[in-house]
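Reader: I am new to this structure and would like to learn how to read it step by step. Could you take me through a few of its features?

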Amino acid sequence: MSDSDQIDQQSRPRRNRRTAAIRSMVRETRLDVGQLIYPMFLHADPDNVPIDSMPGQTRWSLPGLIAEVQRVASLGIDKIVLFPKIDESLKSPIGEECANEDGLIPEAIRRIKDACPDTCIVTDVALDPYNSDGHDGIVSEEGIILNDETVMALAAQAICQARAGADIVAPSDMMDGRVGVLRDALDVSGFEHVSIMSYTAKYASAFYGPFRGALDSAPKKTGSKPIPGDKKTYQMDSANVREALRELELDEGEGADIVMVKPAGAYLDVIKAIRDETNLPVAAYQVSGEYLMIKSASAAGWLDEQAVVLETLTGIRRAGADIILTYFAPQVAEWLNGN
Ligand code: PBG
C-alpha cells in the first residue's frame, strides 16, 4: 500500500480487536458460572423422562434429580430452581398440595440438602403445578383469579419450602402484595435468613409454551367454571416498561432481595431499565421458548449452538442482569471450563 492510500486518522478501534489476547483484555462483559441458576423439573415417578417440548431437558425422578444435582455441582453449577410436575390426583381448585410438608418439593429439598449441602436451592412459589384450573392463583366461580386468597396460600407454600430447607423462595405468580406477605410470614416463622427472589417483571409471554408442556400446567377447563385461557390479568403486558418500574418500586419496598425480569431475550430494555433504577441484584430468566428456539435451530444444523447460547447470555449480562436462569447452565459451565 502506498503512503497515499493511508487515511489520516489517529483513532482506529480495530487495534483493540487485533488479537484474542487484546480482545480478552478490553472485553466489557463476562460470563461467570457463579452467576447461573439451573432450572430443573421433577416428578414423583421412578423414571427419568425426557421432556418432548424441551429437547435435552428431563423430568427427573427423585434419585435422578439427586444424581444430576451432584453432577452439575461438579461443574460449578451450585444454584438450582425446582419445578415439580404434580400428579393430577393431587391437584385441586385451591392447590392445597403446595403446602404439604410430605409433598414432592419438600422431600426433594431435604434429599438435596442431605446429598449436596452446599447447593443453593431456589423454589418456585405459585399455584399452577398444584391447581386443577392451571392458573398461578385460585380461580373464583366467576373465573376471576383471586389475589389476596392466593397470596395467603403462597405464604403457606413458601413457609413449607423454607421449613424443608429452601435457601431462596421465588414467587412467580404476579399477585399484588405477595412479596411483603411472604417476607412477614417467613420472618414470624423464624426464616428471616431465607431470601426472596421476586419475579418482578414477569410478562404474559408466548415463550412459556414449552414449559407448560413440560409440567402439563397450562390453564384448562375441567368443570363448568369459566377459566381464562391466558394469564393476562396478572402477568404483564409485553408492551410495557414503565409498569415494570412500578413493580420494582413495590418489590423493593416489600423486601425483595433479588428482582427478576422474565423472559430475557425479548426484554433486554426492561433489564436495563430495572438495572438503572435499583441497587438490588437483577436476575433474568432465559425461558423455555428461548431455549427451544436455539435447540431446534441448532439441531437442524442452522445455528452454531455454543456460539449462539454464549452470545445470548452475554447480551443478557450486557443489558444489566447479574444473574441468569437458563436451561443451558450445565452446558455453559462445560464450555466456560474448556470442556
Ligand atoms: C409458572 C411459571 C411459568 C414459568 C416459570 N414459572 C409458566 C407460566 O407462567 O405460565 C415459565 C418458565 C419457562 O418458560 O421456562 N408459575
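Predicted model: local features only at pLDDT ≥ 70, side-chain atom pairs only at ≥ 80, totals over all residues.

Reader: In which sense do strand β4 and β5 pair, and over how many bridges?

Author: Strand β4 (residues 79-85) pairs with β5 in the parallel sense, over 4 bridges; as one example, Lys79 has Cys120 in β5 as its bridge partner.

Reader: How do the axes of helix α4 and helix α5 cross?

Author: The axes of α4 (residues 147-164) and α5 (residues 178-188) come within 9 Å and cross at roughly 45°, which makes α4 oblique to α5. The crossing in which α4 passes α5 is right-handed.

Reader: Which residues of α4 and α5 meet?

Author: From α4, Val151, Met152, Leu154, Ala155, Ala158, Ile159 and Ala162 meet Arg178, Val181, Leu182, Ala185 and Leu186 of α5. Sorted by class, this contact has 11 nonpolar residues, no polar ones and 1 charged residue.

Reader: Finally, why does Gln235 count as buried?

Author: Buried means under 20% relative accessible area, and Gln235 counts as buried because its relative accessibility is 3%. Gln235 lies in the loop between α6 (209-215) and α7 (242-253), and, leaving aside residues up to four places away in sequence, it touches Asp136, Met174, Lys202, Tyr203, Ala204, Ser205, Tyr208 and Arg212.

Conventions. Residues numbered from 1 in each chain as written. Heavy atoms only, no water. Helix = DSSP H or I, 4+ residues; strand = E, 2+ residues; numbered from the N terminus. Buried < 20%, exposed > 50% of the residue type's maximum accessible area, 1.4 Å probe, protein only. Contact = heavy atoms within 4.5 Å. Axes fitted to C-alpha atoms, helices over the stretch in contact; angles between N-to-C directions. Parallel < 35°, antiparallel > 145°, perpendicular 65-115°, else oblique. Left-handed = near helix turned anticlockwise from the far one by under 90°. Nonpolar A, V, L, I, M, F, W, Y, C, P; charged D, E, K, R; others polar. Pairing = 2+ DSSP bridges.
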